[in-house]
Amino acid sequence: MTSPDDTPTLLIKDAECVATMDDQGTEWRQASVLIRGKEIIAAGPTHTLPAELLARATRTIDARGHVVIPGLVNTHHHMFQSLTRAIPAAQNAELFGWLRTLYPIWSGLTPDMVHTSTQLAMAELLHSGCTTSSDHLYLYPNGVRLDDSIAAAQAIGMRFHASRGSMSVGESEGGLPPDRLVEREADILRDSQRLIDTHHDSDRLAMVRIALAPCSPFSVSPDLMRESAVLARAAKRGVRLHTHLAENDHDVAYSLERFKLTPTEYAESLGWLGDDVWHAHCVKLDDHGISRFAATRTGVAHCPCSNMRLASGIAPVRSMVNAGVPVGLGVDGSASNDAGHLMAEARQAMLLARVGRSLAPFGCDHGPSDMSARDALRLATRGGAEVLGRDDIGQIAPGLAADLAIFDLRTLAMAGGAVHDPVASLLFCHSVSTAWTIVNGRVVADHGELTLIDQGPMVERHNKLARRLAGI
């Protein structure tokens, strides 16, 4: 057994700035972070850290001229959709039309496609500074399993919350998806239990956790929602619940017509409010919904780029945060964004919250102060950690996971801005890639290249599979 003194240590030394994202918003200049194994063991201005501790580092990264932040947390994605980015027929559609266009294409998904597209999406996230991501895989044709995504995450080195999505109500029963893409509910629940038993890790610093994620009110039955909640909560191991809710006006109209309830009322009637639940989008969450989400500590994955891409609207994020709703960020599916750069998503969240002034009712207090750069960065770190139910990621402090994103401040894109405010410049200036991304104490991305898999062949294979899936 390896003793603490034998465990490899990594020193991030003399950064221009380290932004901890702790409760006090601590930021240090000329600072260092020391990692032993999977955990941060010391952080602070370099001159305050014990010299003998720093001298024992197995590896040192010279972080002069760089800013260090906690690894970003992505709370909503559909990684398989990286295969169908910018499909011409779906470029100008809103949510329901977009889905109806792409369902037939996605019916050709194979296990290899899911594995490769997951790695492509994760590579993009890692280079953006994201170290933890959820993924909502809700299509299982042709032998696809969630295990394909989990294997991809383990190979590339990303901390992963794998969501067992599902669809069980097809067109013939009033749902949106084609009948050939839905599953039997008994099979869904059986596979959900298998995945929990096989892959879910409830330990601190866990690299893989499972969530149960019936896709949406328009693709699953109330019974599946209820039974999934019962199954997740019976596990008593931190298995969480996730779905889409109140994404656009059509989504709300469907809920009112089919269930005679608002989306919030429908979710609550099924036991889908609580501190173990997070919903994607919530663009159309009304005042009652915000109040109930806050009272129950139900989380929200805010996906600003996707919401604009599909013309769904602007989620009332400032109202949610002010009310006490846990809010994180999500890049959403790669065919509805169509990018997976989480720092760019944080930038967009900041800008979109500000433009709400011109779209809000007369007299509403909105504007540039609605979301600062540090507010947006907090959504992308601490907010995402809370939404995923984790207290071991999202900030830099001893005892927490060694998940870090390190950005070079000396680049063309950061020139000038980094001189005045290196942290805010990450949001105000052009979104850049990391110099290094560290997950679980291991460097997984280094100046635009992955360290655990070969990036070039992966991209080439992904593009071949994208052509095959689209039939071109």
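Author: We can begin with α13, whose 15 residues should span 21 Å at 1.5 Å a residue, and since its end C-alpha atoms are 20 Å apart, the two values agree; the expected span is 1.5 Å times one less than the number of residues, and helices (H or I, at least four residues) and strands (E, at least two) are DSSP runs numbered from the N terminus. This is a predicted model, in which local features need pLDDT of at least 70 and side-chain atom pairs count only at pLDDT 80 or more, while totals for chains, interfaces and linings use all residues. Residues are numbered from 1 along each chain as its sequence is written, and side-chain values use heavy atoms, with hydrogens and water left out.

Reader: Where is the kink in α13 centred?

Author: A bend at a residue is the angle between axes fitted to the seven residues ending there and the seven starting there; in α13 there is a kink of about 40 degrees, centred on L379. After the helix comes G389, whose phi is positive, near 75 degrees.

Reader: How many of the residues of α13 are buried?

Author: Buried means under 20% relative accessible area, exposed over 50%, and partly exposed in between (1.4 Å probe, protein chains only). In α13, 11 of the 15 residues are buried, so the helix is largely enclosed by the rest of the structure; among the buried residues are L377, L379, R382 and G383.

Reader: How should I read the second largest pocket, and which residues lie nearest its centre?

Author: Rolling a probe the size of a water molecule over the atoms shows where empty space is left. On a 1 Å grid over the protein atoms alone, a cavity is a set of points where a 1.4 Å probe fits but cannot get out, whereas a pocket is an open set with protein on both sides within 12 Å along at least five of seven lines, and lining residues have an atom within 4 Å of a point. The second largest pocket is lined by 14 residues, of which V321, V327, R378, L379 and G383 lie nearest its centre, and its volume is about 260 Å³, a volume being the space filled by probe spheres set on the points, which are joined across faces, edges and corners.

Reader: Which helix gives the largest share of that lining?

Author: The largest share, 6 residues, comes from α13, and both α11 (317–323) and α13 (373–387) supply at least two residues. By class the lining divides into 6 nonpolar, 2 polar and 6 charged residues, where Ala, Val, Leu, Ile, Met, Phe, Trp, Tyr, Cys and Pro count as nonpolar, Asp, Glu, Lys and Arg as charged, and the others, Gly among them, as polar.

Reader: How many salt bridges does the structure hold, and what does E27 pair with?

Author: Side chains of opposite charge can pair when their charged atoms come close. The structure holds 26 salt bridges, each a side-chain nitrogen of Lys or Arg within 4 Å of a carboxyl oxygen of Asp or Glu. E27 meets R374 at 2.7 Å, N to O, and this pair links distant parts of the chain, with E27 in strand β2 (residues 27–36) and R374 in helix α13, 347 residues apart. E27 counts as partly exposed at 31% relative accessibility, and R374 is partly exposed at 30%.

Reader: Are R159 and D403 buried or exposed?

Author: Both R159 and D403 are buried, and their side chains meet in a salt bridge at 2.9 Å, N to O.
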